[in-house]
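Student: I would like a close look at a single part of this structure: the place where the two chains meet. Please take me through it in one connected answer.

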Amino acid sequence: MLKRPLLIAAALCALATPALADEPGPGGSKPPVARTGEEIYRTYCQACHMADAKGAVGAGSFPALANNPRLGTTGYAAYVIANGRGGMPWFKDMLSKEQAQALIGYLRTHFGNNYKEPVTAADVEAFGQRPSSRF
Amino acid sequence: MDTGRQTPTRRQLLHAIGLMGGTAAVYQMMTTFGHAAETRFPGPPKLEGARNGASVIVLGAGLAGMLAAYELEKAGYKVQILEFQNRAGGRNWSLYGGDKFTEMGGATQNVGFAKGNYLNPGPWRIPHHHKTLLHYCKAFGVALEPFIQFNHNAYVHNVDAFGGAPQRFRSLAADFEGNIAELLGKAIDQKALDTKLTAEDTDRLKEALRSWGMLDKDMRYVKGLGSSSHRGFELPPGGGVNGAPKPSDLLPFDEVLKSGIAANMAFFMNDEFQTTMFQPVGGMGKIGEGFAKQVGHLITYNAKVTKLFQDKSGVSVTYTDTAKGATTTAKADFCVCTIPLTVLNQIENNLPEKKQAAIAAVPYSNSVKIGLEMRRRFWEEDQDIYGGHSFTSQEIGLISYPNNNFFQDGPAVLLGAFANGPGGYRLAGMTPAERIEAALAQGSVFHPQQYRKEFLNGASVAWNRVPWVMGCCARWNEETRAEHYQTLVAMDDRIVLAGEHASYVGCWMEGSLLSSIDAITRLHKRALEA
């Protein structure tokens, strides 16, 4: 029963955050909810890491996730996706625990990666947070 | 001009008030005069007297870099600018017909817009209080025209309200305000508000609610000519025999709430989004061109910086000519580095460890813009929409109508998407053709009869895939501000960073200019002390 007021409070916080950048406005930019690992990859990741997960090169580069030994542990991917790294933003407030689990499992078993051990709930503890305030 | 000795000057008056009442009184007085809250622009920097032969290398020919170069050259420094692209302006940019754009991953778009039409992929509107930018636009001869920020006649669409049917902004806003006014009036009558208002105040408040919410004599928000004068008429007032207007039906209040209109109304109250706003005549990129006219002779294009080092004797920057392949090392006494942190983070350097940590700690936001060229201005001709935005909860975020050339025949470009967050990532991950298709499918909700029929061609820019910035803007939060901001902006011996990322006006051109002025002012002071 406690849950509902909390949700409402979270929604109010989101609305009350002042815009501190030139942005589209409220309410927009919602994609269809991504559930499977592949859907989540297509929705959030391939913008930078590309459809084939091979990354890309410009003035700097986006790393390849294909054939990437760093995916050998569940913890590394979970940490980077949750907290971001360099120019990559944090996703702990954009992805739920379930989405993170599905995504990391997908990355570890696709694009030339073959790591079978499952991603546990403990691995994705950091996800599903409320958006942090910007300033 | 003698204004009379009896009258104290503004400064004297403020000083006197300051002595009597302290700074709070001065601030209040200044606000009354309309000065204090307007801008952080101190006026163009007055740097002069650079030491003979002193040199500065500027990395990046965006607005921050070009402003630094312009002011430092004026102060007497020998200045060189290195730019990764084959053009100046950075994120200040417009795409025109005939332009070619290749994004990371290799997809290339050939822009097919008619002559004079454009897409502003990055900045597109300028608040009236961004005085630094306005100052330099005027100084460099960049003509500005109004940007239609707020249009009551555009639409708001939420997939979860009104069965997915868009409503006019004015109808939603009027019905929201009318209902709120009525509810608040009832609450006052029922003494449900725990307020310290006197009976007189309460009367004033009720009168205010009546006129603000267009309530009737019984303090009710009802269908009638009053409410219609805000929300729009079923049949607007006319002339002659059948001139009498017919009022329109109100929208169900629960659906009005679901539409999220309050957030749209609040959006326009944000000080960065209040009218008046401006845009350059002919495309946002005209600002970069205006700056480049001043400093173009200092720019080396196609220069990809690979190393940034400093020691006691100076700064050395190694760069590769991406067109010809040659590698060069340039030297200078000082460096203003405006390279986006996404890229700077991957350049070999010997900056202090704390600085490197700060550079690595700031992620970049995403956004996608899509321009759609339409055969005719059906939004003007068929729906009386002249500029402004129609908002949607779909991933395109909004569509925005052109602010210039009203009533003209022939093709016009509307902004078919300004997406960020999750929707922005999804659009960015698509191929350019898929993005256009998504923009057409989603934007059709506002103009179902015309949107696909009148479509000619389109172009999209996904900022994550823009090779020279790899993101949209620096995205700070309270924690990273506290831990890294001062380190990031501090001058380390001979190198200082500048750009929107080194400001609290992030993602605005004003931020990059204010940051640049602050950086070169400190650089100049350091150079004179050295």
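Tutor: Chain A contains 4 helices and 2 strands. The model is a predicted one. Read from the N terminus, the order of elements in chain A is α-α-β-β-α-α. Chain A has 135 residues, and 41% of them count as buried. Taking the contacts in chain A between residues at least 6 apart in sequence, 58% link residues at least 24 apart.

Now to the meeting of the chains. On the chain A side, 38 residues are in contact with 58 residues of chain B. Several elements of chain B each give at least two residues to the side that touches chain A: the helices α8 (261-269), α10 (341-344), α13 (421-428) and α16 (478-489), and the strands β19 (388-392) and β21 (412-419). The largest share of that side comes from α13(B), with 7 residues. Sorted by class, the side of chain B that touches chain A holds 26 nonpolar, 24 polar and 8 charged residues.

Besides supplying at least two residues of the side that touches chain A, β21(B) is mostly covered, with 8 of its 8 residues buried. Its pairing partner is strand β18 of chain B, residues 368-374; the two run in the antiparallel sense and are joined over 7 bridges. Within this pairing, Gly371(B) has Leu415(B) of β21(B) as its bridge partner. In a regular strand, side chains alternate between the two faces of the sheet.

Terms used
Residues are numbered from 1 along each chain as its sequence is written. Chains are lettered from A and ligands numbered from 1 in the order in which they are written. This is a predicted model: local features need pLDDT of at least 70, side-chain atom pairs count only at pLDDT 80 or more; totals for chains, interfaces and linings use all residues. A residue is buried if 20 or more other C-beta atoms lie within 10 Å of its own, exposed if 12 or fewer, and partly exposed in between; C-beta atoms are placed from the backbone. Two residues are in contact if their C-beta atoms, placed from the backbone, lie within 7 Å. Ala, Val, Leu, Ile, Met, Phe, Trp, Tyr, Cys and Pro count as nonpolar, Asp, Glu, Lys and Arg as charged, and the others, Gly among them, as polar. Two strands pair if DSSP finds at least two bridges between them.
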